[in-house]
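Please keep the sequence and the coordinates at hand while reading.

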Amino acid sequence: MYFAFLAFYTKSLFIPGVIGSIIYVIEQFTLYDLVGIKILNGFTCIVILFYTVAFLEMWKRKQSKLAVLWGQLEFEEEEGVRVDFQGVRRRSPINGDENDLWYSETKRTLTMIIGAAISLLIISMVIGCVLGIFIFRHILIEKNPRMGSNIAALVNAVQIQVFNFVYGQVAVILTNKENHKTQTAYEN
């Protein structure tokens, strides 16, 4: 489904791309008439807004069509228990099955709240680093205008890669701790 979305999205960008190109050409030939450009940009925003809504609706239709074609409707009802799921055996309140595995929703919710707090902490750290890089860049540009911007850009690139790696590892750990019963719930 992911690659189907990418293909659909890429094809759907053609219309906004054409609109943007036309507006760019118009802006270049009007010699930056500020009033005209503001009106044109406002009109473009409205068109893109409606196009975005239409794109989402068209994707929902395409997704439903692909789900039918690929036999993916209601597959979650037939989905088995994940190998990594750790639950307590109990009698199922629905069908009386003695081997039903159960995990407390309260524990899962508490784990998800802790995960959200950790995610907010990491986001705060990223914002702090970005603000620090802006300050660092400003200081460097005052001392050496030529190299200051480049060094700050390099530090920013390293910061992005480090936090991407850290959050990628933390996200997997937090999702595993949530102990979802099915693979679909785990991936969502």
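Is Ser 12 buried or exposed? The model is a predicted one, and in it Ser 12 has a relative accessible area of 8%, so this residue counts as buried, the cut-off being under 20%. Ser 12 lies in helix 1, which covers residues 2-12. Apart from residues up to four places away in sequence, Ser 12 touches Tyr 51 and Phe 55.

Ser 12 is one of the buried residues of helix 1, where Ala 4, Phe 8 and Ser 12 are buried. Around the axis they cover an arc of only 70°, and therefore sit on the same side of helix 1. The opposite face, turned away from the buried side of helix 1, carries the exposed residues Tyr 2, Phe 3 and Thr 10. As for the partners of the buried side, the buried residues of helix 1 pack against helix 2 (14-29) and helix 3.

The largest nonpolar core consists of five residues, namely Ala 4, Phe 8, Phe 55, Trp 59 and Leu 66. Helix 1 and helix 3 (34-69) each supply at least two residues of this core, and the largest share, three residues, comes from helix 3. Phe 55, a member of this core, is in contact with Phe 5, Phe 8, Tyr 9 and Ser 12 once its neighbours within four places in sequence are left aside.

Helix 3 as a whole has the buried residues Ile 37, Thr 44, Tyr 51, Phe 55, Trp 59, Leu 66 and Ala 67, and what covers them includes helix 1 and helix 2. Thr 44, found in helix 3, is in contact with Ile 19 and Ile 23 when its neighbours within four places in sequence are set aside. Thr 52 also has its place in helix 3; the C-alpha atoms of Thr 52 and Ser 12 are separated by 9.7 Å, although these residues are 40 residues apart along the chain. Just after helix 3, Gly 71 takes a positive phi of about 70°.

The accessibilities of several individual residues are set side by side below.

| Residue | Relative accessible area | Class |
|---|---|---|
| Ser 12 | 8% | buried |
| Thr 44 | 16% | buried |
| Cys 129 | 31% | partly exposed |
| Thr 52 | 38% | partly exposed |
| Cys 45 | 53% | exposed |

Two of these rows concern cysteines, Cys 45 being exposed and Cys 129 partly exposed. A disulfide is a covalent bond between the sulfur atoms of two cysteines. With a cut-off of 2.5 Å between cysteine sulfur atoms, the count comes to zero disulfides.

**Helix lengths and helix 4**

Helix 4 (residues 105-143) has 39 residues and reaches 57 Å from its first C-alpha to its last, close to the 57 Å expected at 1.5 Å a residue. The buried residues of helix 4 are Arg 108, Thr 111, Gly 115, Ser 119, Ile 122, Ile 133 and Leu 140, and helix 5 (145-177) is included in what covers them.

**The chain as a whole**

These helices belong to a chain that has six helices and two strands, and its elements run α-α-α-β-β-α-α-α from the N terminus on. Of the 188 residues in the chain, 20% are buried. The chain exposes about 14500 Å², of which carbon and sulfur atoms supply 67%. Among the contacts in the chain with a separation of 6 or more, 60% are accounted for by residues 24 or more positions apart.

Conventions. Residues are numbered from 1 along each chain as its sequence is written. This is a predicted model: local features need pLDDT of at least 70, side-chain atom pairs count only at pLDDT 80 or more; totals for chains, interfaces and linings use all residues. Side-chain values use heavy atoms; hydrogens and water are left out. Helices (H or I, at least four residues) and strands (E, at least two) are DSSP runs, numbered from the N terminus. Buried means under 20% relative accessible area, exposed over 50%, partly exposed in between (1.4 Å probe, protein chains only). Contact means heavy atoms within 4.5 Å. A nonpolar core is a set of buried Ala, Val, Leu, Ile, Met, Phe, Trp, Tyr and Cys residues joined through side-chain atoms within 4.5 Å. The expected span of a helix is 1.5 Å times one less than its number of residues. The arc is that of the directions from the helix axis to the C-beta atoms. Accessible areas come from the Shrake-Rupley method with a 1.4 Å probe; for residues, only the protein chains shown count as cover.
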